[in-house]
Amino acid sequence: MFTGIVEELGEVVSVENLGDSSLFRLRGPIVTEDAKHGDSIAVNGVCLTVVTTAGGEFTADVMAESLKRSSLGALVPGSRVNLERPMALGGRLGGHLVQGHVDGTGTVLERIPGEHWEIVKIGLPAGLARYVVDKGSITVDGISLTVVEAGDDFFTVSLIPTTLELTTLGIKQPGDLVNLEVDVLAKYVERLLGGGAGAGAAGGPVA
């Protein structure tokens, strides 16, 4: 479980194509300080399992499903990535509850600069808009953000200078893909009320 508060702006060192998967080597001196084999690290919001660590770098296997459902497949050596270690029990929940399970990808549509912040408009894939509400939480490339405006096929977020400086959202341009994870609580509520996929499998939809 993560909080969506990015700890470090890391970098892709290498990507080895293994056919139905890829082996990523990433540089992140902060997140690897106490990392060991089997630990989890969120990379642009995707929960990956550490295989090896050495010299401030770690490797992780990325399966075909993760490559298909996220923007990780577009990363190349030199790409910058947002890195976060899992939340420690008893620690502060600075953002919101984030699983690191990407629901889909969105596209940066527009950047609107302000005096001390920047508004970014992001396109929503079909099926995710119902989980996004004004002033609700959403995770974009692993960053916990508050929705400013929720449209039928887009949403906007307001980025403070710290977010622009310390995460990949400072360099994303219109047309770039971003990983999206909606609030899991909204999906549970939908399922319990009978509106989720497969809701009628056990006893039929709730009226």
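## Reading the model piece by piece

Guide: Let's begin with proline 77, which is exposed, its relative accessible area being 53%. Keep in mind that what you see is a predicted model.

Visitor: Why does 53% count as exposed for proline 77?

Guide: Because the exposed label starts at over 50% relative accessible area, and proline 77 has 53%. You'll find proline 77 in the loop between helix 1 (64–69) and strand 6 (80–84). Although 53 residues separate proline 77 from phenylalanine 24 in sequence, their C-alpha atoms are 9.3 Å apart in space.

Visitor: Is leucine 72 buried or exposed?

Guide: Leucine 72 is buried, with a relative accessible area of 1%, because anything under 20% gets that label. Leucine 72 also sits in the loop between helix 1 and strand 6. Along the chain, leucine 72 and valine 178 are 106 residues apart, yet 9.4 Å separates their C-alpha atoms.

Visitor: And what about the middle class? Which label does threonine 162 get at 46% relative accessibility?

Guide: Threonine 162 counts as partly exposed, because 46% falls between the two cut-offs of 20% and 50%. Leucine 164, at 22% relative accessibility, is partly exposed too.

Visitor: Where is threonine 162 found?

Guide: Threonine 162 belongs to helix 2 (residues 161–166), and leucine 164 lies in helix 2 as well. Each has a partner from another part of the sequence. For threonine 162 take tryptophan 117, 45 residues apart along the chain and 9.4 Å apart between C-alpha atoms. For leucine 164 take glutamate 118: 46 residues apart in sequence, 8.3 Å apart C-alpha to C-alpha.

Visitor: Now backbone angles. What is the general idea with phi?

Guide: Most residues other than glycine have a negative phi. With that in mind, look at asparagine 44, a residue other than glycine whose phi is positive, near 50 degrees. Asparagine 44 lies in the loop between strand 3 (40–43) and strand 4 (46–54), and asparagine 44 is buried at 2% relative accessibility.

Visitor: What is the phi of aspartate 141?

Guide: Near 50 degrees, again a positive value in a residue other than glycine. Aspartate 141 is in the loop between strand 9 (137–140) and strand 10. With a relative accessible area of 0%, aspartate 141 is buried.

Visitor: Which residue caps the N-terminal end of helix 3?

Guide: Aspartate 183 does, at the start of helix 3 (residues 184–192). One of its side-chain oxygens lies 3.1 Å from the backbone nitrogen of leucine 185. Past the other end, helix 3 is followed by glycine 194, with a positive phi near 90 degrees.

Visitor: On to the pockets. What is the volume of the largest pocket?

Guide: About 320 Å³. Its lining is made of 17 residues, and those nearest the centre are Ile143, Ser144, Leu145, Ile160 and Thr163. By class, the lining has eight nonpolar, seven polar and two charged residues.

Visitor: Which element gives the largest share of the lining of the largest pocket?

Guide: Strand 10, with four residues. Strand 1 (8–17), strand 10 (143–150), strand 11 (154–159) and helix 2 each supply at least two.

Visitor: How much space lies in the second largest pocket?

Guide: About 260 Å³. Among the residues lining the second largest pocket are Ser71, Gly78, Arg80, Lys172 and Asp176. The lining of the second largest pocket has four nonpolar, five polar and three charged residues.

Visitor: Last topic, aromatic rings. How does one describe a pair?

Guide: A pair of aromatic rings is described by the distance of the centres and the angle of the planes. When ring centres must lie within 6.5 Å to pair, the count here comes to zero aromatic pairs.

Visitor: So what lies over the face of phenylalanine 154?

Guide: Lysine 121 does, at 4.4 Å from the ring centre.

Conventions: Residues are numbered from 1 along each chain as its sequence is written. This is a predicted model: local features need pLDDT of at least 70, side-chain atom pairs count only at pLDDT 80 or more; totals for chains, interfaces and linings use all residues. Side-chain values use heavy atoms; hydrogens and water are left out. Rings of Phe, Tyr and Trp (its six-membered ring) pair if their centres lie within 6.5 Å; planes under 30 degrees apart count as stacked, over 60 as edge-to-face and the rest as tilted. A charge sits over a ring if NZ of Lys or CZ of Arg is within 6 Å of the ring centre and within 35 degrees of the ring normal. Buried means under 20% relative accessible area, exposed over 50%, partly exposed in between (1.4 Å probe, protein chains only). A polar contact is a pair of N or O atoms within 3.5 Å; within protein, one must be able to donate a hydrogen and the other to accept it, and residues adjacent in sequence count only if both atoms are side-chain atoms. On a 1 Å grid over the protein atoms alone, a cavity is a set of points where a 1.4 Å probe fits but cannot get out, and a pocket is an open set with protein on both sides within 12 Å along at least five of seven lines; lining residues have an atom within 4 Å of a point. Grid points are joined across faces, edges and corners, and a volume is the space filled by probe spheres set on the points. Ala, Val, Leu, Ile, Met, Phe, Trp, Tyr, Cys and Pro count as nonpolar, Asp, Glu, Lys and Arg as charged, and the others, Gly among them, as polar.
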